[in-house]
Each structure stands twice: as structure tokens, then as C-alpha cells.
Amino acid sequence: MFERNRQTLDEALTAIAQRGYWSAYPESPSPRVYGEGSAERGKQAFEDHLGKPFELDQPATGAWIGAERSPYGMVLGVTYPEPCPPGLAAAAKAALPAWRDAGPEARALICVEIINRLNERSFEIAHAVQHTTGQAFVMAFQAGGPHAQERALEAVACAYAAMTAAASAVRWEKPGKGDPLVLDKRFTVVPRGVGLVIGCNTFPTFNAYPGLFASLVTGNPVIVKPHARAILPLAITVRVAREVLAEAGFHPALVQLAAEEGRGLAVELATDPAVRVIDFTGSTEFGDWLEGNAGQALVHTEKAGVNTVVVDSTDSWRGMLGNLAFSLSLYSGQMCTAPQNILIPAGGIATDEGHKSFDEVAEGLAAAVGELLGDDARAVEVTGAIVSPDVLSRLDGAPKLGKTVLASRSLRHPDFPEAVIRTPAILRVAPSRSDVHGREHFGPISFVIPTGSTAESLDVLRRTTAERGALTASVYSTSPAVLEEAERAALESGVNLSCNLTGGVFVNQAAAFSDYHGTGANPAATASLIDPGFVAGRFHLVQSRRPA
């Protein structure tokens, strides 16, 4: 197990240092890549879970829970052992010493093996992600499978680099008048304690894997608490991890599942004194609660934000509109990185097709979305399904927020007629309506906002990011001075910036081993995936010394 994973770990370490393109796991679901029959086997494996208990030998009450319903219409019917929180924490603590003593290299190579095994089950996980999140299948395969796995591998590499940055042992000699003073010193990586990963509904694997593997590789046992509507993808993950750990001679309680049906389990676990690291993705309200009430733990949160696009000018009118239309439509805007506020000078912009007024820009964007999603069968592979009643309620209420530029419409899925699928709504609001555009409207809702100038647009970007946070920001301009000022605004407000995206790269997307997801420098997140700060607090260095 160790030897076959060394090359992958070494290549990942090189990749995080160089930040160029490197991919460990192919994102194409083609049978030429993953083997003939892999797609069929994965779908069958997913279907084999439906309507059955998901067995896990871990501390439980004896009851079975689970009420997952696919956004595409079907009831999954999978049930999970109701966890016993004190039992989970006690089992995790008992498994910690042997895992700590294994050392960074053994832990890293075992984690790589877990990730490789997850990659082999990418089709099974993709169907589980699709039918718990509403993502279209290809997106569920990519984001829920290879992209999530690469973020996991990136976390392992980043943590391993931090743990091995200095020697683990040394003979220390201090010259003296006579014989030198000689000590043997050992420096041991000591885990912080039990880790808790609180998953989200929309990206259950992509958002959970960084914290799960960063904690595990640094020696911390992990309890995985999925969102009640998206348990299956993380249940499969936990089962795979436990199988590999047992094969390697460690107790499977190093990774445990805490499924729930809305009983407040996250609060109970987060305040357990044994839980010393928490990774959370979800609402600002609960993220703030964790930061204020889980004082015994290191808390990493990714919360709501207001992502902004500043439009100043462009040398690719159609490319800009097409890129923005796809970014607004992808997974119905149900992404923490999706743009919401599009700031455009009221006097219009210069383009390669001549001057365009504000109304022409707004109408051009609406037309581009309409063209992209004009055919229902093709459109549903971009939009996916609406993940929850909350998103649908916000979308239904969106026309009250401003003047409608593009109304949302329903789409029919050819394979899942019960799926709730809606196209994006675009509304015009005044820059003074910060009560509207100054907060996140999660889902397919965006605003075109006429500003007095590009300078004012950049001020709005600074202000909303500082007050509400953001995961992404973007700018379109042919002016070097404007691009420079936009970069200064991004640095000052602590948000990652994309400039002049008109091709096959979109602001919603971030590449593992190169792009950072979030910064930790604004209210939307307390950490970046994946930088040294994300991993460093998960372990301590304890030394011992004795005369040589």
C-alpha cells in the first residue's frame, strides 16, 4: 500500500509548490478513461444502496434514520445507524494514540490509498451526489468525484509538507571548553484531538474532503456529520476510509459517520470537549454560532458571501456574455462561487462591437442565458435541479426585489419529470438598494446594478466584500489601469479575483493544486482551501531530549 502511493504523494508535493497544472484523477467520465463497464457498475452500486440499511459497525443507539429524497423526484430510502455521540467521541479518542504514533509518512500514504479507492468508485459517488444535491450527472461526477478527490490529495500534501518541514530527530551539540554538550532530540507531531466535519447539501464531498483529510493525515480521528439531505455520498466515503484503515492495521473508528434527521446533532458534537477541530460549510448564522460557542476547538467555516462582477469594458462582447451566462446558469447558481452582483456603469461600456448602453448589456446577458438554456434537454445538463424548498421560495419571491430583466422559467427533464428545474432570474436594482444586493440570495438570482462609474463599482465591491464576504470576484476591462485598481480592491477586501474570463474557464471554478478556494481574509470564510493556514493548527510539535 505504501510503495504504490509514494509517487502520487511526491507529485502532489511538487504540484502544491509549483502551482501549475497537474491532475491526479481524470475528470472525464468516459469509459476510455475509467474502463469499459465502469459507468454501469457504478450506477448499479448506487442502486444497490437504495431502500436498504447502510451498515456501519460503530457506536449507535440501535435506531435507523434517513429521509433523503432526490431533487429529481425519487425517495432514496437509505437508512443509517443513528449515532451515539458520546460513543463516537470515546471510540475516536481510543483510536488516536496508534494513529499518532504511526507518523506523518504512514498516515499520508494511507490517506492517498483512501483517496485512490474513492476514485475507483467515482461513478457510484457521482450518482449519490446527483440524487442528493440536484447536480447534473456530469457535474456530479466531476465535482463530487475527481475534483473533490484532488482537493483531498492537496490537503494531504499540504499537511504532510507542514509536518515534515523540519527534522523529526537531531543530535544537538553545543561546543564548550571541554567536551561539548550533546543531546538527542526528538520532535513529534501530536494531533490536536477529534475532528468534526459538518457537511453541506450542495457539495457534500467537495466541501467535506479538505477538512476530513487535513485532520486525518495530521493524526486526528474524524467524525463526519453530513447534511440530512446529503448523507449517502459521505456514508460511502466513510465506509471506504474505514476499510482502508482496517487493512492497514488501524482501528476504523478513526473515521465515523454521524447521520441525522435534524435533531441538532451538529450542536451536540461541536460542543463536546473531545472535539478539537471543526470544519463547517453552510449558513452564516450557524457558522457564526460555531465560531462563538465551540471555544474548545479550532473552527474553520465557509459561509455565505456576495460575489461581484465589475464590468468596465471588453474586447470580447460575445465571449464575456457567454461566459457570464454559463456562470449564472451552472447548477442554477447554487454554488458558493457563483456571481450575484453585476456592476455596470450607467453610461454603458466600450466593446469590440461598439459602445453598449447599460440596457444593452443587461439585455445582452439575458439573451445569452436564454440562448444557452433554450433547449430543455440540453439546459437541464447545465442547471441541474433545485436543491431545496428554500432556494425555490427565494426564486419565487425574486420579482419583488427589482425590475425583471430576465424571468425565471421552469424546465422539464426528459428522464426525471418530477424534478424541479428553473432557469436564472436577472433583476435590475439601484446601487442604493444595498438592502437587496448587499446580501446573498443563494440560488439562480442575480442583479444588474447601474453605477455612476467603474470607480464606484469597485467601491461597491470593496464595501460588500468587507461587510458580507465573498468567495469570488471578477472584472472585465481593456484598461490596464482599471485592472490594476481592481486587483488592489481585491487585495484590500481579501477576495480572489478573475480578470477577463471569456473562454472555457469560469469564475465558479477553481483548479486543485493551483487555485485557492476562498482566502480566509473576508467574512465568507475563515480559511482557504488549501493553504498552510488550513492545516497548521491541526497539530502541535512536542519535543523530548536526553543526553546522547
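Let me start with R19, which is buried, at a relative accessible area of 19%. Burial here requires a value under 20%, so R19, at 19%, falls within that class. Please bear in mind that we are looking at a predicted model. R19 is found in the loop that runs between α1 (2-18) and α2 (31-34). Its backbone deserves a remark: phi of R19 is near 65°, a positive value in a residue other than glycine.

A related case is S332. Here, too, phi is positive, at about 50°, although S332 is not a glycine. S332 sits in the loop between α13 (317-329) and β11 (341-345). Is S332 buried or exposed? S332 is buried, with a relative accessible area of 1%.

One further backbone feature concerns the peptide bond between L529 and I530, which is cis, with omega at about -5°. I530 belongs to the loop between β18 (497-499) and α20 (532-536).

In soluble globular proteins, nonpolar side chains tend to be buried together. In this model, the largest nonpolar core holds 91 residues, and those touching the most other members are Y80, I114, V156, Y209 and F213. The greatest contribution to this core is made by helix α8 (residues 146-163), which gives ten residues. There is also a second, separate core of 34 residues, with L373, V382, L501 and V507 included in it.

Which residues is Y209 in contact with, leaving aside its neighbours within four places in sequence? They are L118, I125, A148, Q149, A152, L234 and T237.

Next, the pockets. The largest pocket contains about 1,100 Å³ of space. Its lining comprises 42 residues, and F280, T281, G282, S283 and T284 are the ones nearest its centre. Several elements supply at least two lining residues each, namely α11 (265-270), β8 (275-281), α12 (284-293), α16 (389-397) and α18 (454-468). Of these, α12 provides the largest share, with four residues. Sorted by class, this lining has 15 nonpolar, 14 polar and 13 charged residues.

The second largest pocket has a volume of about 870 Å³. Around it are 35 lining residues, with E27, Q142, H147, Q509 and A510 nearest the centre. At least two residues each come from α7 (137-144), α8 and α15 (376-383), and α7 gives the largest share, four residues. The classes in this lining are 19 nonpolar, eleven polar and five charged residues.

Finally, the cavities. How many cavities of 30 Å³ or more does a search of the whole structure find? It finds three. Two or more lining residues are given by each of β5 (194-198), α9 (209-217), β8 and β9 (298-302). The lining of the largest cavity has nine nonpolar, eight polar and two charged residues.

The second largest cavity has a volume of about 130 Å³. Among its 18 lining residues, G333, A338, P339, Q340 and G443 lie nearest the centre. By class, there are ten nonpolar residues, seven polar and one charged.

Definitions and conventions. Residues numbered from 1 in each chain as written. Predicted model: local features only at pLDDT ≥ 70, side-chain atom pairs only at ≥ 80, totals over all residues. Heavy atoms only, no water. Core = buried A, V, L, I, M, F, W, Y, C linked by side-chain atoms within 4.5 Å. Buried < 20%, exposed > 50% of the residue type's maximum accessible area, 1.4 Å probe, protein only. Contact = heavy atoms within 4.5 Å. 1 Å grid on protein atoms, 1.4 Å probe; cavity = no way out; pocket = protein on both sides within 12 Å on 5 of 7 lines; lining within 4 Å. Points joined across faces, edges and corners; volume = space filled by probe spheres on them. Nonpolar A, V, L, I, M, F, W, Y, C, P; charged D, E, K, R; others polar.
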